[in-house]
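Trainee: I would like to go through this model and ask what stands behind each label. Please show it first.

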Amino acid sequence: MLVIRAYKTELDLNNQQETACRQHAGAARYAYNWGLHRKQEAYKATGKSPNAIDLHRELNALKQNELSWMYAVSKCAPQEALRNLDRAFAHFFRRAQLMQQGKLKGKLGYPRPKSKKQGLGSFRLTGSIVVFPEAIQLPRLGRLRLKERNYLPASGVKVLSATVCEQAGHWYISIQVEQEQAPATLAHRGPVVGVDLGVQTLATLSNGTTIPNPRHLKQRLKTLKRLQRALSRKRKGSQNRKKAARRLGLLHRKIANQRANTLHQLTASLAKTKSVIGLEDLNVAGMLKNHHLAQAIADVGFHEFRRQLTYKAAWYGSRMVLADRWEPSSKTCSGCGWVDEDLTLADRMFQCRNPQVPCGLLINRDLNAALNLRKLAGSSSERQTPVEGGALAAVMKLRWNCPR
Ligand SMILES: [Zn+2]
């Protein structure tokens, strides 16, 4: 199975190389903004807008006199930036179409000019890219040292492109490669598990394990606010403002890294040890509109969790089962299937009050949801997979008895 995947690692640049990288990122940003302006201009005049190929041709003509400084950078940097611009417009038009059909609410994402204030940005290069154990060779930039040895795949892969980006003073490279990925031949023998993602705890597994929410953002929110305030008090254009912006950027970077790490560890361990993973298909976009939950949800990264689990499940031979968005996994009793329509977000415990069956289950709300998701995951697998907990009779029931 030929797959495309990306590897990202940090670069160890010397001053000269950093300057060259800044120039490339600058050229990419310039080309993007120039292209955006040209597209808007042409659209106003003729009702049509030029594509990346037209624009690159036009840009090359300009390079001969007024944009001669662009000869110092690889031609890929502006070219790929113009391609990105085309993609940005395609994305915008797709969303606009969805909105017309009434399938989308929210922002359309009209492409905006890139500003240096948001960081130096990035650029993408194609062509001859060679990976060494401790370095990478790029067109124009030459051999750049890497901070981690032997992480980037040096052989057996085809490198499609390399993207260099800057974040809070650190430079990273991400290469996109085409590689042979052996399909997971043996499906897991591991147990079926239901996972309830939450805000109070990051994840509750149906076997009783809970993974606490690291709350990286909340923990550091105070510091973040202080740094933000410090930045806004500094005089615009001053050195002190630059320093404050750098401190703030570093904290943002730290939070992002920690969050990514927690998610990767959790999704990897699930995909490696479980045969079927039941998950709720959360309406993340809808939930983000609820302002009380928004920050916490964004912090946990539900969407990213599902994305990682999808590809890791394929790698390691486990299966992911998504419960329908309207399946009341929290409101259904995991013991008897009774649905508590009055359950609110504030109820941390689930109490079964089924009038027909004397069930009386009293259980943690998240665990109850996880158990329901496990049932669904178990029932949707054709293979007979061992289910822990011995709730086999319940597993036989294919659907929860819930009114739709
Ligand atoms: Zn019950």
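Mentor: This is a predicted model, in which local features need pLDDT of at least 70, side-chain atom pairs count only at pLDDT 80 or more, and totals for chains, interfaces and linings use all residues. Residues are numbered from 1 along each chain as its sequence is written, and side-chain values use heavy atoms, with hydrogens and water left out.

Trainee: In what order do the seven strands form the open sheet?

Mentor: The order is 2-6-7-1-5-4-3, with antiparallel pairing. Strands are DSSP runs of E, at least two residues long, numbered from the N terminus. Two of them pair if DSSP finds at least two bridges between them.

Trainee: Why do strand 2 and strand 3 stand at the edges?

Mentor: Strand 2 (122-125) and strand 3 (130-131) each have a single partner strand, so one side of each lacks a neighbour in the sheet.

Trainee: How do you know that strand 6 and strand 7 pair?

Mentor: 10 bridges join strand 6 (residues 157-167) to strand 7 (residues 170-180), and pairing takes at least two. V164 stands opposite I173 in strand 7.

Trainee: What makes strand 8 mostly covered?

Mentor: Six of the six residues in strand 8 (residues 192-197) are buried, that is, under 20% relative accessible area with a 1.4 Å probe, counting protein chains only. V192, G194 and D196 lie on one side, and V193, V195 and L197 on the other.

Trainee: Why is R229 called partly exposed?

Mentor: Partly exposed lies between buried and exposed, the latter being over 50%. R229 has 43% relative accessibility, so R229 counts as partly exposed.

Methods:
Helices (H or I, at least four residues) and strands (E, at least two) are DSSP runs, numbered from the N terminus.
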